[in-house]
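Have the model open in a viewer for this one. We'll walk through it by way of helix packing and ring contacts.

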Amino acid sequence: MRIKPSIEHAAHIDSLPWQEILANTVRDTESLCQLLEIDRHSLPDNHPLLQQFPVRVPSPYLDRIRKGDPGDPLLLQVFPDAAEAAEVPGYVADPLLESESNPIPGILHKYEGRVLLVATSSCAIHCRYCFRRHFPYSDNHSGKQGWKESLEYIRADSSIREIIFSGGDPLTLPDSYLAWFLDELDSIRHVIRIRFHTRLPIMIPQRITTALCKLLANSRFQTILVIHSNHAQELDEEVDMACRKLKSSGVTLLNQSVLLRGINDNVPVLAELSERLFSAGILPYYLHLMDPVFGAAHFNVDTTEATKLMGKLQSVLPGYLVPKLVREEPGQPSKTSML
Ligand SMILES: *Cc1c(COP(=O)(O)O)cnc(C)c1O
Ligand code: SF4
């Protein structure tokens, strides 16, 4: 079943360029409810939490949500539940204390050998559990001048072997920006790998254009795309096609998920996700315990329950399809493995 994302785009969604799909995301709860024929209590769109982090859903993802089902696992990831406003002890705006590992604006250098670049603040989708929902992006977004400073930082530290483009979602940037950045990095010989943390191959598979694939295939770097998918229902034939293009350009595809209450906190759903990812050529990498970010407590699965789930998951999947259960703890030299 296909849902009309908006009246003017209904028929031509497959042939639209990705920029147009990105520019025409659903941006308010009322439209979301109308398009999906659901009637459910939510935060009002003028609530401060929604002003700061509004609803955002791109049409290819919207098409995969079942109409009339308020419990749909894809809907729950984007629906601003009234529970977001609840004050829960321990749930804070900056749970990872990222503001402390920011050597210069736009760079997070927490782990040995790799730096994470906050390449953009924008995303194609707003995931309600996202730990970046309160991130002070304006301090981290200074355009090309800021990027030049980032490049100098990378050039000056020969221990850096891998650059992770993150955000926001780095694939919301136009190819010309990515090409410029890769070109600049080309002369920094100690950098050998480029990684993208992105939901775009899932959210807007049309983003994986031939031009982008050429750009990645022609660079001297080994390239890794760490996709973020939480449920098998997020993958369809268009996603398969995008992944095939990436793979034939020599890109390694991995997936990270977040363990989310009511969405993927059971063995059959997690097993199906791993199987479905592999059929698209993607290997499961991390399953994250959610960061305790303000507004997302209702998604939390506690450690005891999570480790139990993992034990059972291991007994139904081949080893290479079992993601590593991790949590991020401030001040640690890597993600903390829970098993
Ligand atoms: C998660 C993360 C990385 C990447 O960690 P890997 O274990 O290599 O996937 C790098 N930098 C920061 C700041 C991170 O949060
Ligand atoms: S795409 Fe990633 S960074 Fe953007 S809102 Fe979702 S989880 Fe957060």
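Start where α11 meets α12: V267, L270 and A271 on the α11 side touch L309, K312 and L313 on the α12 side. Keep in mind as you look that this is a predicted model. The two helices, α11 and α12, pack with their axes 10 Å apart, at an angle of about 55 degrees. That angle makes α11 oblique to α12, since anything under 35 degrees would have counted as roughly parallel and the roughly perpendicular class begins at 65. As for handedness, α11 passes α12 in a right-handed crossing.

Now slide over to α6 and α7. Here the angle is about 25 degrees, and the axes lie 11 Å apart. So α6 counts as roughly parallel to α7, and their crossing is right-handed. On the α6 side the contact is made by K144, W147, K148, L151, I154 and R155, while α7 brings Y177, W180, F181, E184 and L185.

Two of those residues deserve a second look. How are the rings of W147 and W180 arranged? They form a tilted aromatic pair, with 6.1 Å from centre to centre and 35 degrees between the planes. The pair links distant parts of the chain, as W147 belongs to α6 (residues 143-156) and W180 to α7 (residues 175-186), 33 residues apart. Buried or exposed, these two tryptophans? Both W147 and W180 are buried.

F278 sits in α11 (residues 267-279), whereas Y320 is in the loop between α12 (303-314) and β8 (324-327), so the pair ties together parts of the chain 42 residues apart in sequence.

Zooming out, a search of the whole structure turns up 9 aromatic pairs. Ring pairs also join W147, F165, Y177, W180, F181 and F196 into a cluster. Elsewhere, a charge gets involved with a ring: the charged end of R207 sits over the ring of W18, 4.0 Å from its centre.

Helix α7 has another partner, α9 (residues 210-218). The axes of α7 and α9 come within 11 Å and cross at roughly 5 degrees, so the two helices are roughly parallel to each other. Where do they meet? D175, L178, A179 and L182 of α7 are in contact with A211, L212, L215 and L216 of α9. Take A179, which is in α7: its C-alpha atom is separated by 8.9 Å from that of L216, 37 residues away along the chain. A179 counts as partly exposed because its relative accessibility is 28%.

One last stop is P333, in the loop between β8 and β9 (336-337). With a relative accessible area of 60%, P333 is exposed.

Definitions and conventions
Residues numbered from 1 in each chain as written. Chains lettered and ligands numbered in written order. Predicted model: local features only at pLDDT ≥ 70, side-chain atom pairs only at ≥ 80, totals over all residues. Heavy atoms only, no water. Phe/Tyr/Trp six-rings, centres within 6.5 Å; stacked < 30°, edge-to-face > 60°. Helix = DSSP H or I, 4+ residues; strand = E, 2+ residues; numbered from the N terminus. Buried < 20%, exposed > 50% of the residue type's maximum accessible area, 1.4 Å probe, protein only. Lys NZ or Arg CZ within 6 Å of the ring centre and 35° of its normal. Axes fitted to C-alpha atoms, helices over the stretch in contact; angles between N-to-C directions. Parallel < 35°, antiparallel > 145°, perpendicular 65-115°, else oblique. Left-handed = near helix turned anticlockwise from the far one by under 90°. Contact = heavy atoms within 4.5 Å.
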